[in-house]
Amino acid sequence: MHEHRLPAILVLVAMFGIAMPLVAAGDKDIPRTASGRPDFSGHYDVGTLTPLVRPQAFGNKLFLSKDEAERRVKQAALYRAATSQASDPDRDAPPDGGDGSPGAAGNVGGYNSFWIDNGTDVFAVDGKFRTSIITDPKNGRHPPVTDAAKERRAARRGFWRANTGEAWWLERDGVGPYDDPELRPLAERCLLGFSSTAGPPMLPALYNNLKRIVQTEDHVMILIEMVHDARVVRIGGEHGPAEERRWLGDSIGRWEGDTLVIETANFGDRTGLSGATRDLRTVERFSAIDGDSLLYQFTVEDPNTWTESWSGEYVWPRTDTLLYEYACHEGNYALGNIMRGARLLEQEAMAKAAHSSGSGE
């Protein structure tokens with residue numbers, strides 16, 4: 001065991017921290033526009049240690065006690081300190097495929113926890129600490145997937161095999177995963193943020209969790225730090241024609257009292273939400289808890305993927321931290337290198353096959 005390796009239980013509980021309970025606020029604490037609508041404009045840091053999916057050990061338990069939350073914040077701090085220590089400059093290179101331990105980039109030389117910014121606490125709603133962001137189904141987990149979704153997953157597993165240093169895709173019928181740059185995953189091409197950070201629904205990730213809202217009377221723009229996605233929501237009106245498909249869908253907003261409700265449809269064939277299809281539909285609700293935070297709620301429906309809808313909620317705290325451009329790959333040189341590497345492996349495979357054929361093997 002490595003000197004600073006933590007017990008497995010600490011790895012699990014490091015997902016949790018603690019936040020002070022939220023206190024309901026009166027209308028006087030909520031900033032408003034000239035027309036009297038709640039003014040959501042500003043920056044938010046949505047990083048949280050509360051997981052999207054509830055660990056199975058909690059079952060249908062939605063809340064943590066204060067004592068449980070306090071214990072977890074201490075354990076999380078211990079984990080973060082242990083995994084943020086400086087790397088040994090004289091260490092050997094990691095073995096092929098990593099050493100099998102958990103960590104950023106599979107512990108094949110990736111970042112330590114200094115570079116991870118996923119928050120330092122769990123959130124609370126109405127003073128109660130949550131065990132997961134997902135609230136429905138009651139077990140805090142995704143509902144079962146459809147048979148069609150299972151078939152799509154099986155097909156993807158056959159298409160997105162690990163790169164073993166051999167051009168295994170030449171043995172496939174039809175196109176391979178490196179035949180065209182547009183076949184590569186959206187995140188790898190820097191088209192959409194990772195882990196559905198842009199959404200919808202907009203979910204927290206390991207880092208780059210800032211959001212900026214710019215609000216007018218007829219539009220709301222939400223700028224996402226990860227891959228600098230920008231969602232533009234039209235207030236009022238109807239969705240565009242079904243043939244007009246967009247990466248982030250077509251978002252229409254309306255006010256229900258002091259709550260902003262956003263309905264999104266007309267997604268493209270490849271969405272930012274893992275597993276979802278073009279028939280994905282989402283409903284998001286933004287409401288002010290007080291002048292310092294919002295409650296973000298969402299419901300996801302895609303009959304091609306899940307047997308029922310699922311919902312969740314978490315807190316968006318305001319921050320003074322500004323959002324700067326996230327230049328994903330900048331010129332995206334990595335994508336070119338991926339394609340060039342595939343061509344080299346193919347040349348090696350064809351040369352090996354020609355040699356075997358010429359030698360009568």
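How many of the seven residues of β10 are buried? Six of them are, so β10 is largely enclosed by the rest of the structure. Buried here means under 20% relative accessible area, exposed means over 50%, and partly exposed lies in between, with a 1.4 Å probe and protein chains only.

The model is predicted: local features need pLDDT of at least 70, side-chain atom pairs count only at pLDDT 80 or more, and totals for chains, interfaces and linings use all residues. Residues are numbered from 1 along each chain as its sequence is written, and side-chain values use heavy atoms, with hydrogens and water left out.

**The chain as a whole**

The protein chain contains four helices and 13 strands. Both are DSSP runs numbered from the N terminus: helices are H or I with at least four residues, strands are E with at least two. Of the 361 residues, 39% count as buried. The protein chain exposes about 19800 Å², of which carbon and sulfur atoms supply 52%; the areas come from the Shrake-Rupley method with a 1.4 Å probe, and for residues only the protein chains shown count as cover. Among contacts with a separation of 6 or more, 64% are between residues 24 or more positions apart, a contact being heavy atoms within 4.5 Å.

**The sheet**

Ten strands make up an open sheet of mixed pairing, in the order β1-β6-β7-β8-β9-β10-β11-β12-β13-β5. Two strands pair if DSSP finds at least two bridges between them. At the edges stand β1 (42-45) and β5 (134-136); each has a single partner strand, so one side of each is left without a neighbour in the sheet. From one strand to the next the twist averages 25°, taken between lines fitted to C-alpha atoms, with angles from 0 to 180 degrees between N-to-C directions.

Strand β10 (residues 259-265) has antiparallel pairing with β11 (residues 281-290) over five bridges. Within that pairing, Glu263 has Val283 in β11 as its bridge partner. Strand β9 (residues 250-256) also pairs with β10 in the antiparallel sense, over seven bridges, and Ser251 stands opposite Thr264 in β10. A hairpin is formed by β9 and β10, with two residues between them; Gly257 in the turn has a positive phi of about 65°.

**Salt bridges**

Side chains of opposite charge can pair when their charged atoms come close. The structure holds twelve salt bridges, each defined as a side-chain nitrogen of Lys or Arg within 4 Å of a carboxyl oxygen of Asp or Glu. Three of them are listed here.

| Pair | N to O distance |
|---|---|
| Arg184 and Glu188 | 2.6 Å |
| Arg231 and Glu284 | 2.8 Å |
| Arg285 and Glu256 | 3.1 Å |

Arg231 and Glu284 form a salt bridge. This pair links distant parts of the chain, with Arg231 in strand β8 (residues 230-235) and Glu284 in strand β11, 53 residues apart. Both Arg231 and Glu284 are buried.

Arg285 forms a salt bridge with Glu256. Arg285 lies in strand β11 and Glu256 in strand β9, 29 residues apart. Arg285 is partly exposed at 28% relative accessibility, and Glu256 is partly exposed at 34%. Salt bridges that share partners join Arg254, Glu256, Glu263 and Arg285 into one network.

In the pair of Arg184 and Glu188, Arg184 is buried with a relative accessible area of 6%, whereas Glu188 is partly exposed at 21%.
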